[in-house]
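Please look over the structure below before reading the notes that follow. They are grouped by topic.

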Amino acid sequence: MALRHILHVDLDAFFASVEQRDNPELRGLPVLVGGSGGRGVVAAASYEARTFGVHSAMPMSEALRRCPKAIIVSPTMGRYQEASTAFFSILEDFSPLVEGLSVDEAFVDISGTERLLGSPRDVAREIKRRVASEVGLIASVGIAPTKFVAKIASDIRKPDGLCIIGPTEVLAFLHPLPVKRLWGVGAVAQEKLAGMGLHTIGDVANYPQNILEKKFGVAQGSHLYALANGHDSRSVTGGHEAVSIGHEQTFSSDQSDIAFIENVLLGQCDKVGRRLRRHDLRARTAVLKIKYADFKRVTRRQTLDDPTSDSQVLFQTVRTLLRSLPIDSNRGRAGRVRLCGVSAANMENRHGPRQLGFHEEERAKGERLGDVMDKIKDRFGDLGLTRASHTKPRD
Ligand SMILES: [Mg+2]
């Protein structure tokens with residue numbers, strides 16, 4: 001199998017960091033996110049709090065005993081959700097293969113993108129830079145040929161870590177680590193392994209596989225042996241049943257101005273088209289998502305006759321969908337929009353065969369224009385380069 005480059009990207013002290021980002025007076029202080037009631041549990045602890053031995057899932061009473069000066073903050077899920085969406089949206093700019101493990105961590109398979117995006121180290125640095133500048137949070141990144149090793153690598157240099165384990169370094173990296181780092185080894189298995197004299201991953205790797213299988217059963221025994229020897233063939237799968245590429249935005253105030261919303265959609269279609277082209281994909285379905293001020297969500301999909309990566313075609317499609325929806329300030333919160341988003345679904349390879357359409361020439365032109373804009377944007381950044389019909393939305 002070709003060498004894989006798998007990133008595991010994980011936000012540091014996610015909930016606590018969002019609170020410190022949004023409340024500057026909390027920066028540098030031990031912050032605990034969670035319920036302050038007698039039976040509350042720590043949902044997240046800032047690094048300042050962790051130095052006192054506090055960690056998430058610890059009872060709040062115990063956390064306060066260890067760190068009496070800690071400041072307790074109630075969770076604000078809406079802001080965590082927004083940060084999470086922005087985080088995943090950045091990751092999806094680098095690969096269509098993004099597998100979320102939770103709100104703040106994901107695997108990203110960037111194999112084969114070196115020519116396009118630079119070395120894995122460059123990609124990791126760029127992801128960290130964008131997460132810092134666009135979301136205001138710190139991400140740690142591990143890079144390895146397998147998911148198992150990438151996940152450990154992102155953890156081992158936290159916070160603000162970047163750890164790259166090349167294919168020839170995997171065993172030297174794994175073997176000194178304690179067995180509890182192996183996936184599937186909890187307290188019980190750990191004790192059992194200790195009873196067999198196995199304390200490090202290297203101990204397991206050098207143990208006879210057939211005896212491991214006898215003691216743990218064939219499935220778990222062979223699994224432990226394979227992981228300990230650096231074998232993990234699981235691939236990164238898109239977190240959703242169907243991979244989609246999308247962008248969405250929450251407005252700073254609710255909107256019923258159709259022109260405003262269309263302008264935002266146009267910018268989103270530009271981004272979606274760009275990502276489709278970057279990954280050599282075309283979408284067969286365009287999806288419009290709207291959330292009203294009363295939090296009602298509406299999703300409308302349109303299947304295209306011709307799969308496309310042309311931002312203008314996507315925009316015309318979602319604009320038609322938008323115009324079929326009730327948006328009217330006279331309807332109050334039910335007629336005002338707080339979020340809009342565009343995504344592309346049912347994707348196929350852009351270089352795959354397809355039927356020539358009546359408008360082949362126009363279609364090819366739209367995609368070529370997109371390619372040229374992409375190249376310029378890749379080189380010079382987004383500044384000042386938009387289609388003539390796209391003026392900056394006031395927001
Ligand atoms: Mg995290």
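In which helix does glycine 221 lie? Glycine 221 is part of helix H12, which covers residues 218–228. The model described here is predicted.

**Glycine 221**

- Glycine 221 has 19 other C-beta atoms within 10 Å. A residue needs 20 or more to be buried and 12 or fewer to be exposed, so glycine 221 is partly exposed.
- Apart from neighbours within four places in sequence, glycine 221 is in contact with Leu212, Glu213, Lys215 and Phe216.
- Isoleucine 211 is 10 residues from glycine 221 along the chain, and their C-alpha atoms are 8.2 Å apart.

**Nonpolar cores**

- The largest nonpolar core contains 67 residues. Leu7, Leu32, Leu91, Val108, Ile127, Val149 and Val204 have the most contacts inside this core.
- This core lies between domain 1 (1–170) and domain 2 (175–228), because both domains give residues to it.
- Leucine 32 touches Val42, Ala45, Ala49, Val54, Met60, Ala63, Ala70 and Ile72, if residues up to four places away in sequence are not counted.

**The three-stranded sheet**

- Three strands form an open sheet in the order S3-S2-S4, and their pairing is mixed.
- Strand S2 (residues 31–34) pairs with S3 in the antiparallel sense, over three bridges.
- Leucine 32 has alanine 45 as its bridge partner in S3.
- Helix H1 (residues 14–22) packs on the sheet and touches S2, S3 and S4. The direction of H1 makes about 115 degrees with that of S2.

**Helix H4**

- Helix H4 (residues 77–91) is made of 15 residues. From its first C-alpha to its last, H4 reaches 21 Å, close to the 21 Å expected at 1.5 Å a residue.
- Which residues of H4 are buried? They are Tyr80, Ala83, Ser84, Phe87, Ser89, Ile90 and Leu91.
- The buried residues of H4 are covered by elements including helices H1 and H6 (120–135). Strands S1 (6–11), S5 (98–102), S6 (105–109) and S9 (245–255) are also among the elements that cover them.
- Leu91, one of the buried residues of H4, is also one of the residues with the most contacts inside the largest core.

Conventions
Residues are numbered from 1 along each chain as its sequence is written. This is a predicted model: local features need pLDDT of at least 70, side-chain atom pairs count only at pLDDT 80 or more; totals for chains, interfaces and linings use all residues. A nonpolar core is a set of buried Ala, Val, Leu, Ile, Met, Phe, Trp, Tyr and Cys residues joined through C-beta atoms within 7 Å. Domain bounds come from an automatic or database domain assignment. Two residues are in contact if their C-beta atoms, placed from the backbone, lie within 7 Å. Two strands pair if DSSP finds at least two bridges between them. Helices (H or I, at least four residues) and strands (E, at least two) are DSSP runs, numbered from the N terminus. Axes are lines fitted to C-alpha atoms, for helices over the stretch in contact, and angles run from 0 to 180 degrees between N-to-C directions. The expected span of a helix is 1.5 Å times one less than its number of residues.
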